[in-house]
Amino acid sequence: MFAPKSFVKSLRHQEESLRGEFTLLCWNVAKLTMSISYKEFIERLIQSHDFDLMLLQEVKKSISHELDIYDYSYVLSPNIETKKHIFGVLSAFKSSCEDEFALLSKKRELRYATHKVSLITHHKMPNNDILLVVNLHAINFVNNSAFKNELDHLYASVQNHKGAMIVAGDFNTWNLKRVQFLNEFTHNLSLKKVEFGDDKHIKKIFTNSLDYIFYRYLNLTYSEVIDSKKISDHNPIIAKFSTL
C-alpha cells in the first residue's frame with residue numbers, strides 16, 4: 001500500500017447554499033462503487049430522494065478515470081492508495097464547500113497497517129450560517145482505548161464550531177465500550193442521534209449498530225433505512241433536516 005495523497009475534488013456549486021430542507025444519505029459502500037449493481041442502485045436512490053448531501057465510506061476510485069457523481073460536487077479523502085486505485089470517504093453535495101479538512105487516524109489498523117479517515121466539510125446554509133459535516137469511517141482492529149483516542153482527536157478538531165453540525169458514518173461500534181465512548185463524544189458536542197422507526201436493516205454486530213447519523217441545531221423531519229439487497233454489507237441510512 002502507498003500513503004494516500006491529497007483530496008480528489010470537484011467543486012461546481014460554490015455559489016449555492018443548502019436548501020432550507022435538505023436530505024442526507026449515509027452509506028458504507030464496501031468498495032463497490034465501480035460495480036454496475038451499485039451504480040444502478042444509487043442512481044435509483046438519487047432519483048427518488050434527490051439528496052442534497054451524500055456521505056459515502058469505503059469508496060473505490062480508479063486513478064485513471066474521473067469519478068461519476070452525477071450532478072454533484074464532491075470531495076474524496078483517501079486513506080489508501082495503490083498503483084491503480086484510491087480508497088476513502090467521499091462527501092458529495094449540491095452546495096458550496098467553504099472548507100474541507102481530512103483527519104487521518106493516528107493509529108493504523110493491524111491487518112493492512114492502514115489509517116482510517118474522517119472528512120470534515122463546511123457548507124453554507126440559507127441563513128448564511130455554516131453547517132459542519134463530518135463523514136467518518138471509524139478505526140477498527142484496535143483496542144478500545146485507541147478507538148477513544150481517535151474520537152478525542154476528532155472532538156478536538158470540531159469542538160470550536162458553534163453552529164449546526166452533522167456527524168455520520170460507519171462508527172465500528174461493535175462492543176459496548178465503543179458505544180459508551182461514542183455516547184460521551186456526542187454528548188460533549190450536544191449531538192442528537194437520528195432514530196429510525198424500523199432499524200432491522202441497519203448493520204449490527206452483537207446487537208450494536210455500526211452506522212449512525214448525529215446532528216445538532218437542525219430539525220429532523222424524516223428518517224429511513226433502505227434495504228440495499230446486499231449490494232453492500234451495510235445499508236443506506238437517510239435523514240431529512242430543516243434549518244431552525
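Colleague: Which elements each supply at least two residues of the lining of the largest cavity?

Modeller: In this predicted model, those elements are E6, E7, E8 and H2. The largest share, five residues, comes from H2.

Colleague: What makes this space a cavity and not a pocket?

Modeller: A cavity is a set of points where a 1.4 Å probe fits but cannot get out, whereas a pocket is an open set. By this rule the count comes to one cavity of 30 Å³ or more. The largest cavity has a volume of about 150 Å³, so it passes the 30 Å³ limit.

Colleague: Which residues lie nearest the centre of the largest cavity, and how many line it?

Modeller: The lining has 15 residues, and Ser105, Ser118, Leu136, Ala138 and Glu150 lie nearest the centre. By class, nine are nonpolar, four polar and two charged. Glu is one of the residue types that count as charged, while Leu and Ala count as nonpolar.

Colleague: How do you know that E6 is an edge strand?

Modeller: The open sheet has six strands in the order E6-E7-E8-E9-E13-E10, with mixed pairing. Strand E6 (99–104) pairs on one side only, and so does strand E10 (192–193). These two are therefore the edge strands.

Colleague: What makes E10 and E13 a pair?

Modeller: Two strands pair if there are at least two bridges between them. E10 and strand E13 (residues 211–216) have two bridges, in the antiparallel sense, so they meet the rule. Lys193 stands opposite Phe214 in E13.

Colleague: What does helix H2 touch on the sheet?

Modeller: Helix H2 (residues 144–158) packs on the sheet and touches E6, strand E7 (117–124), strand E8 (130–137) and strand E9 (165–170). Its direction makes about 160° with that of E6.

Colleague: Why is strand E2 called largely enclosed?

Modeller: Buried means under 20% relative accessible area. Seven of the eight residues of strand E2 (residues 21–28) are buried, so the strand is largely enclosed by the rest of the structure.

Colleague: Which strands does E2 pair with, and in what sense?

Modeller: E2 pairs with strand E15 (residues 237–243) in the antiparallel sense over six bridges, and with E3 in the parallel sense over five bridges. In E15, Lys240 is the bridge partner of Thr23. Leu24 stands opposite Leu53 in E3.

Colleague: What does E3 contribute to the second largest pocket?

Modeller: E3 gives the largest share of the lining, six residues. Helix H1 (36–49) and strand E3 (53–62) each supply at least two residues of that lining.

Colleague: What is the volume of the second largest pocket, and which residues are closest to its centre?

Modeller: The volume is about 310 Å³. Among the 18 lining residues, Thr33, Met34, Lys39, Leu67 and Asp68 are the closest to the centre. By class, the lining has 10 nonpolar, three polar and five charged residues.

Colleague: Why is Asn128 called exposed?

Modeller: Exposed means over 50% relative accessible area. Asn128 has 59% relative accessibility, so it counts as exposed. Asn128 is found in the loop between E7 and E8.

Colleague: How many residues separate Asn128 and Asp152 in sequence, and what is their distance in space?

Modeller: Asn128 and Asp152 are 24 residues apart in sequence and 29 Å apart in space, C-alpha to C-alpha.

Note on methods:
Residues numbered from 1 in each chain as written. Predicted model: local features only at pLDDT ≥ 70, side-chain atom pairs only at ≥ 80, totals over all residues. Heavy atoms only, no water. Helix = DSSP H or I, 4+ residues; strand = E, 2+ residues; numbered from the N terminus. Contact = heavy atoms within 4.5 Å. Axes fitted to C-alpha atoms, helices over the stretch in contact; angles between N-to-C directions. 1 Å grid on protein atoms, 1.4 Å probe; cavity = no way out; pocket = protein on both sides within 12 Å on 5 of 7 lines; lining within 4 Å. Points joined across faces, edges and corners; volume = space filled by probe spheres on them. Buried < 20%, exposed > 50% of the residue type's maximum accessible area, 1.4 Å probe, protein only.
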